[in-house]
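I opened this notebook to record what I looked up, going from whole chains to a single residue.

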Amino acid sequence: MKRLSSYLSKYTKEAILAPLFKLLEALMDLLVPLVVAYIINEGITLNNKQAIINSFILLIVLAFAGMGFSFTAQYFAAKASVGFASDLRQSLFDHIMSLSYKELDQSGSDTLITRMTSDINQLQVGVNLALRLLLRSPFIVFGAMIMAFTIDARLALIFVVTIPLLTLVVYAIMLKSIPLFEKVQQKLDSLLGMTRENLNGVRVIRAFCKEDDEIKEFEKRSIDLTFMNRTVGRLSALMNPLTYAIVNIASIVLIYSGALSVNVGTIRQGDVVALYNYMAQIIVELIKLASLTITINKSWACGKRVAALFDVSPSLTYPDEATDIKDNTYQVEFKDVSFAYEKGIDAISEVSFKTKKGQTIGVIGSTGSGKSTIVNLIPRFYDVSEGEVRVDGLNVKDYSRKALLDKIAIVPQKAVLFEGTIRENMRWGKEDASDEEIYEALKTAQALEVVEGKKEGLDHIVEQGGRNFSGGQRQRLTIARALIKKPEILILDDSSSALDFATDSRLRKAISELDKQLSVFIVSQRTSSIMNADLILVMDDGKLVAQGTHKQLLKESRVYQEIYYSQFPEEAGRQGVKVYA
Amino acid sequence: MPEKTSTSTLSKLLKLLDKYRVDIFFSIILSAISVITQLYVPILFGEAIDELIGVGMIDMSLIMRYLLRIMIFVGISAFCSYLMSLINNRISYGTINDIRDRTFRHIQKLPLKYLDGHSAGDMLGRVIADADQLSDGLLLGFSQLFAGAVTIFVTLYFMFSRNVEITIMVLLLTPLSFLVARFIARRSYQMFVKQNETRGKQTALINEMITNEKILKAFGYEERASEKFAEINSDLKKYAQSATFYSSLTNPSTRAVNNLIYALVALFGAYKILNGSLTVGGLSVLLSYANQYMKPFNDISSVVTELQNSISCAERIFELLEAEAQSADPDRELDVKEGMIDIDNVCFSYRKDQNLIEDFNFHADPGMTIAIVGPTGCGKTTLINLLMRFYDVDKGEIYIDGQEIRSVSRSSLRKSYGMVLQDTWLKKASVRDNIAFGKPEASDEEIIEAAKKTHSYEFIRRMKDGLNTIIDDDSLSQGQKQLLCITRVMLCMPPMLILDEATSSIDTRTEIFIQKAFEQLMEGKTSFIVAHRLSTIRNADKILVMRDGQIIEQGNHDELMKAKGFYFELYNSQFAGKQL
């Protein structure tokens, strides 16, 4: 929380002035009953018309001064709260951008988005309200009490009793109902979850004829929620009648004691009216304060969540400058690498292999066997738990971030494009890429036809996520986006799955003709995609069970045979091999 | 036109509230009593204050009588308002509950055509959020509107009873505060529009960048993203500051107008007292009323929005409730003897202007395995929809052992099929409840036996609480989920099957288990299987080849290969990779 308040310190001036002006406004409000008392005591009782006129003018002045003060307060509050939230939003965004894959996996994007949007918005509302009103209500409550003392100390004692009593009642009800509100929310969530589940599973539910059971379950949860709501409702229903009764009983005592005092001449009629008015002001403010407390409570919770996110620091750190490359006999080298996404459950263990410049490396294995993990370790998206990953002879941990990223381009499984033009999307790979460079990359990625099919060419707008392109088109565009980088190592992480065999093979051919120095990692489930690779890594259950060329593996590796023959049963028949699938 | 719909919505709403007639009646009475007594109390205070005429002149017993009366009225008012809140709670939460249950019930009866055509999020919104907003807004709106109206009339009555001229003056000045509020609202509205637009853009950017942050990082795009964000963020800051500022001017401004009126009342009141046409207590009444009388007016705009909101929620709910339910079920039960299926001259399409399946004829002997084959998105689910009668055919008939499926109850038809979809769905419940989904009375032994047959018992046993482990979508792997779905069907042992092979690859071991489980299940049963695996396809007795939603070829593997049609092409394309 300390961290968050530092964002407000930039607006210290505003944060002080806003409540200050609000207090001035409150002061104007507090003076009104005194002026009215003056009208009664001086003007009416003594028949002093000048006093009445003066008081009237004073009331008008108070009204407009109050408005002026209030405007000023609102101005500063708006400036401070919105400024605070904007600055916070920017740094939180930058902070999220700095997180490593590991933290992203842990938090999940939904949570991060909620922190960025609704939590910060709620925080903004909370800060704004707090600046304007947090001091005002207590000020008026205690101000009214002090004013009462200036009128008559003995009668003011009624205030001294009433205010704590009211506060007690208001806060007791709130304290009791806030946990109940949380329970209501839980019940509501459970009802929501159940309904969502029902809608998603409608076919299965109907196939098993479970509609009536679902209705029964829904009604049970629904009535649960209703009971909870009623319980809270009964409690909150107490608030208004109770405070109303307390204030009026206090007023009754006030008038009674006031009558006795007037009778003996210690105070005057107008003073009693003023005291009565102050009592009325107190109740209004206390109710306001209660609802304010609820809002601020909510914001506080949001603030805590935002602060907790700031506490998550990126797990990867980079040296500022790259160490010189010593020995680049091997371009990528894994030395006994183990890695776990979650502690204790190794995604890959003890993987070792070496590749040379210009090689094509195929990675094959079933889902969950650790194929993607291997290629994610090359650009150091994650740090290994054991062993070493070297690129050009140098441990990836010794590279500066930029140096490493410049060498490697990765085409992820999920083909995502971003809102903007095709050109803007292509420039993700290289900020200043010329149209020629873009066209060249598109051509290699077999994506030329995608662009040529569009009237606006490279200026064609890509909708969010690229939903106005088919899966195959998106994949080819994402491949082009990676090629523009002119990387030394290109990683295709199962990124041609939506392409038909012919396009896939043309793509591989075009890439291999690009540059003899370019190394390509192809992760795939299809044997046909990696058959011609210089080196094939066969993954099974997190272990590198075999490596070699297609020919070698077909002879030596049982797992590779299994995969291959399950995809080419004809071959299996010819070879007389038992097919599992 | 829109007025007409909202009146009819209103009448439907009233019907919904009919159950609570008596409650509503009492609520209104209590509300009236509490508002009137609440307003009468200041008058009594004013009269009591009037008795404070000077030193030694006060009749304390008279004051006591006033105070006692005040006490009684305060008591009545507090009690009535508490009672009213309780009754309102009853009405409000009761109607929400009724609406919720009714909509959910109705959804269970809606044809799948409707459900497929509407997003789950939209329906969810109607069942939960709209129902909430409807009853909340309606009740709050009406009770505030009613209390507001009573307040205005009673206050005016009391004010007139104290002094006619001052009351008329207050009445004439009231519109001033509206004008000020309107003036400000119009200014701030534009700022709000801009703020919301910019905020929308920003949210979209946040969504895009954070959801795909891994890609972003792979390209080292963070700084550019940050710059983009900063640009929108500074715009938003500008608009939000103005919007927040302008909108917060309304309150102080109307308050200033109210204070102005207050001052005028004080001025003229004082003169009236000097003339003897008003008492000090009377002035105190007028002063406190001048402000109270304004309050309902200030609140009115928010009340109206609230009501409008509820009406539109009501419209959405009624739209759902009035959507036509599926046709009534015949009483006759389907009696499956051997599982012979005949499809005669069936025509079907999802949309009137688009023919999908035309004159489709098909016969399956009992115990046959029928493979449904085709490229992704070819409409294999359409066939499942028709067989399970999730959708009704447009023309033609489907017979099971000579019984037309529309002549028997849906439940008896659906219970005769065991269905395993690729899109695995499990309830958030224990493993046991999930397996026994179709047969809740099954014993643990039966469940375990079924689980053993599908090779899922191994991983179930290893789970924290075995069969009692609560599972949800994230806690299991795709393969485990699929195995549980198969076990679920295994337990029921229905006479016919509809199976959907998984396309997404699952690890080899699990895949073999699933395959074996399928084989176990299919033994001797008429089975439809959406097939992706060549071995499955070749072993099938019949193959239905689908493309673009239509069934274009049928026969067994050898027949279809000979025909050299689409199947031939499809089959060969699987091997095209070999030459590359």
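The domain bounds I use come from an automatic or database domain assignment. I note at the outset that this is a predicted model.

Entry 1, domains. I looked up how chain B is divided and found domain 1 at 2–322 and domain 2 at 341–579. I then took the separation of their centres over C-alpha atoms: domain 1 of chain B and domain 2 of chain B lie 56 Å apart by this value.

I counted secondary structure and recorded 21 helices and twelve strands in chain A. The radius of gyration of chain A is 37 Å, whereas the globule rule gives 25 Å for 581 residues; chain A is therefore more spread out than a compact globule. I also noted the extent of the C-alpha trace of chain A, which spans about 120 × 60 × 50 Å along its principal axes.

Where is B:Asp331 placed? I located B:Asp331 in the loop that runs between helix 10 (280–322) and strand 1 (341–348) of chain B. Is B:Asp331 buried or exposed? I counted 8 other C-beta atoms within 10 Å, and since a residue with 12 or fewer is exposed, B:Asp331 is exposed. Finally, I checked B:Asp331 against B:Val408: the two are 77 residues apart along the chain, and 6.6 Å separates their C-alpha atoms.

Terms used. Residues numbered from 1 in each chain as written. Chains lettered and ligands numbered in written order. Predicted model: local features only at pLDDT ≥ 70, side-chain atom pairs only at ≥ 80, totals over all residues. Helix = DSSP H or I, 4+ residues; strand = E, 2+ residues; numbered from the N terminus. Rg over C-alpha atoms; globule rule 2.2 N^0.38 Å. Buried ≥ 20, exposed ≤ 12 C-beta atoms within 10 Å, placed from the backbone.
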